[in-house]
Amino acid sequence: MSILFSNRKAGASRVKIGVIQSLVMFFVSHVRQALSSLGELWRQPVASLMTIGVLGLSITLPSTLYIMVKNTEKITAGWEQASEISLFLKSSTSSTSAQQLVARLNTWSEIDTVVYIPADDALKEFQHLSGLGDAIAYLESNPLPDVVLVTPTDKHAGPTAAKALLNKLTQQREVDIGKLDIEWLERLYALVDIASDLVTLIGLLLFVAVVLIIGNTIRLNILNKHDEIVVMKLVGATDAFIHRPFLYTGFWYGLLGGLMAWFAVIIILWWMDSSIQTFAAMYQKEFNITGLTGTALLTMLGLSVALGLLGSRISVQRHVRQIEPR
């Protein structure tokens, strides 16, 4: 009985050791083939660098545009609030009526502040800012109307609430025209949306091009190793074993191309930084480009590796199967 128990225990140990050895050999085989495919790239530096360069630059363009669009959205995120509503009063409105309008608007819960600018003050300001003082002096009458500047509260400063407030204000009997200064921002948002769609379209087209380029490169590698593949099939090599080196080649193309794209994006944004800072200074703003984070790097590497593996997978599935020993 003890002998039988010992035999079973020894058999279980051999099975356990056999499983461990199989796992170790599996990983060793993968590492060997991965390093072998990397050596193939090293032995053909010109062709490899050209393929890696095409892949990297193809990812650089949509990545740079994506970062710029996201930074534009970040800038405009703080502009979603309506800063002012301009009310141009009717020419027949007297100063007393205008003051009564200001007093009435100050009681509204939707309004934070109200500023009344008489037509004479507006003309003096325009004369000072425009540099047309001599020409304005020849005017027989003041063409500018009285203006009331209304600042909504934070609760009513969103685009929808501000528009509702504008409609309510324009219904006042003293008001001729109302103007909301958030309309230009809505047009900017429309342009940003178009840019986002354009980035997506460009990215998809370039990614398809990358897959085709990687696939064609792997196809040429397969054709160059036609005889070697025939011999491996004759000695009983599995399809997975034959496919693996080409898949690792696609992996290396994707990884190295992603790193190249990352460095290219850094250089491009560094080169553009001075122009961006000059533009921001015109609006008394300080702006630092964001998006070059570790997460962005991992995303770019993951995307480029996925494209490399996809291109190599498609090529391997199509062309290796066509090679059969005669």
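This is a predicted model: local features need pLDDT of at least 70, side-chain atom pairs count only at pLDDT 80 or more; totals for chains, interfaces and linings use all residues.
A residue counts as exposed when its relative accessible area is over 50%, and as buried when that area is under 20%.

## The chain as a whole

The protein chain has ten helices and four strands, which follow one another from the N terminus in the order α-α-β-α-β-α-α-β-α-β-α-α-α-α. Among the contacts between residues at least 6 apart in sequence, 85% join residues at least 24 apart.

## The sheet

The four strands form an open sheet in the order β2-β3-β1-β4, with antiparallel pairing. Its edge strands are β2 and β4, each of which pairs on one side only, and the twist from one strand to the next averages 20 degrees. In general terms, the strands of a sheet pair through backbone hydrogen bonds, in either a parallel or an antiparallel manner.

Strand β1 is joined to β3 by four bridges, the two strands running antiparallel, and β1 also pairs with β4 in the antiparallel sense, over five bridges. Four of the five residues of β1 are buried, so that the strand is mostly covered. The table lists residue partners across these two pairings.

| Residue | Partner | Strand of the partner |
|---|---|---|
| S86 | L149 | β3 |
| L89 | V175 | β4 |

## Helices on the sheet

Two helices are described here by their relation to the sheet. Helix α3 lies across β1, β2, β3 and β4, and runs at about 170 degrees to β2. Helix α6 packs on the sheet as well, touching β1, β2, β3 and β4, and its direction makes about 170 degrees with that of β4.

Helix α6 spans residues 159-170, and its twelve residues reach 16 Å from the first C-alpha to the last, close to the 16 Å expected at 1.5 Å a residue. Which residues of α6 are buried? They are A162, L165, L166 and L169, and because the buried residues fall within an arc of 105 degrees when seen down the axis of α6, they line one face of the helix. These buried residues pack against β1 (85-89), α3 (95-105), β2 (111-117), β3 (147-152) and β4 (175-180).

## Helix α8 and the residue after it

In helix α8, which covers residues 226-234, I229, V230, M232 and K233 are buried. The arc that they cover around the axis is only 165 degrees, and they therefore lie on the same side of α8. D227 and L234, by contrast, are on the other side of α8 and are exposed, which means that the relative accessible area of each is over 50%. Just after α8, G236 takes a positive phi of about 95 degrees.

## A serine in helix α2

Is S58, with its relative accessible area of 10%, buried or exposed? S58, which lies in helix α2 (residues 45-77), is buried because its relative accessible area of 10% falls under the 20% cut-off. Leaving aside neighbours within four places in sequence, S58 is in contact with L206 and V210.

Terms used
Residues are numbered from 1 along each chain as its sequence is written. Side-chain values use heavy atoms; hydrogens and water are left out. Buried means under 20% relative accessible area, exposed over 50%, partly exposed in between (1.4 Å probe, protein chains only). Contact means heavy atoms within 4.5 Å. The arc is that of the directions from the helix axis to the C-beta atoms. The expected span of a helix is 1.5 Å times one less than its number of residues. Two strands pair if DSSP finds at least two bridges between them. Axes are lines fitted to C-alpha atoms, for helices over the stretch in contact, and angles run from 0 to 180 degrees between N-to-C directions.
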